[in-house]
Amino acid sequence: MRLRLDPIACAGHGLCADLLPEHVDLDEWGYPLVHPGPVPADVLRRARDAVAACPTLALRLERSERDRSR
Ligand code: SF4
């Protein structure tokens with residue numbers, strides 16, 4: 001699973017970075033920079049919490065092609 005961000009929908013208040021600091025950094029304007037790699041299994045639950053907490057539905061978890069072939 002990988003985190004994906006819709007930069008148009010994002011309001012940039014940084015809640016996702018607070019909830020998932022090991023997978024989301026903030027740029028100098030406070031907008032999230034989502035790590036492109038797979039979300040490790042041990043943080044997947046918190047990644048789902050961050051997706052659910054995003055007030056603008058800008059964040060989602062999706063399976064990559066590589067994940068689907070497993
Ligand atoms: S919680 Fe959602 S709206 Fe807020 S910074 Fe993260 S992606 Fe953007």
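## A tour from the ligand outwards

Start by selecting the ligand: around it you will find Leu5, Cys10, Ala11, Gly12, His13, Gly14, Leu15, Cys16, Pro32, Cys54, Thr56 and Ala58, each with a heavy atom within 4 Å of it. Keep in mind that this is a predicted model, in which local features need pLDDT of at least 70 and side-chain atom pairs count only at pLDDT 80 or more, while totals for chains, interfaces and linings use all residues. Residues are numbered from 1 along each chain as its sequence is written, and side-chain values use heavy atoms, with hydrogens and water left out.

Now colour that shell by class.

Next, hide the ligand and look at the space it takes, which is the largest cavity. A cavity is a set of points, on a 1 Å grid over the protein atoms alone, where a 1.4 Å probe fits but cannot get out, and its lining residues have an atom within 4 Å of a point. A molecule sits in one if more than half of its atoms lie within 2 Å of its grid points. The structure holds one cavity of 30 Å³ or more, and about 110 Å³ of space lies in the largest cavity. Volume here is the space filled by probe spheres set on the points, with grid points joined across faces, edges and corners.

Select Cys10, His13, Cys16, Cys54 and Pro55: of the 16 residues lining the largest cavity, these are the closest to its centre. Then show α1 (15-19) and α2 (44-53), the elements that give two or more residues to this lining. By class, the lining has 12 nonpolar, four polar and no charged residues.

Zoom out to the whole protein. Three helices and four strands come into view, following the pattern β-α-β-β-α-β-α along the sequence. These are DSSP runs numbered from the N terminus: helices are H or I with at least four residues, strands E with at least two. The C-alpha trace spans about 35 × 25 × 20 Å along its principal axes.

For a last stop, pick Leu57, in the loop between α2 and β4 (59-62). Leu57 has a phi near 60 degrees, a positive value in a residue other than glycine. Is Leu57 buried or exposed? At 71% relative accessibility, Leu57 counts as exposed (over 50% relative accessible area, with a 1.4 Å probe and protein chains only).

Definitions and conventions:
1 Å grid on protein atoms, 1.4 Å probe; cavity = no way out; pocket = protein on both sides within 12 Å on 5 of 7 lines; lining within 4 Å. Nonpolar A, V, L, I, M, F, W, Y, C, P; charged D, E, K, R; others polar. Buried < 20%, exposed > 50% of the residue type's maximum accessible area, 1.4 Å probe, protein only.
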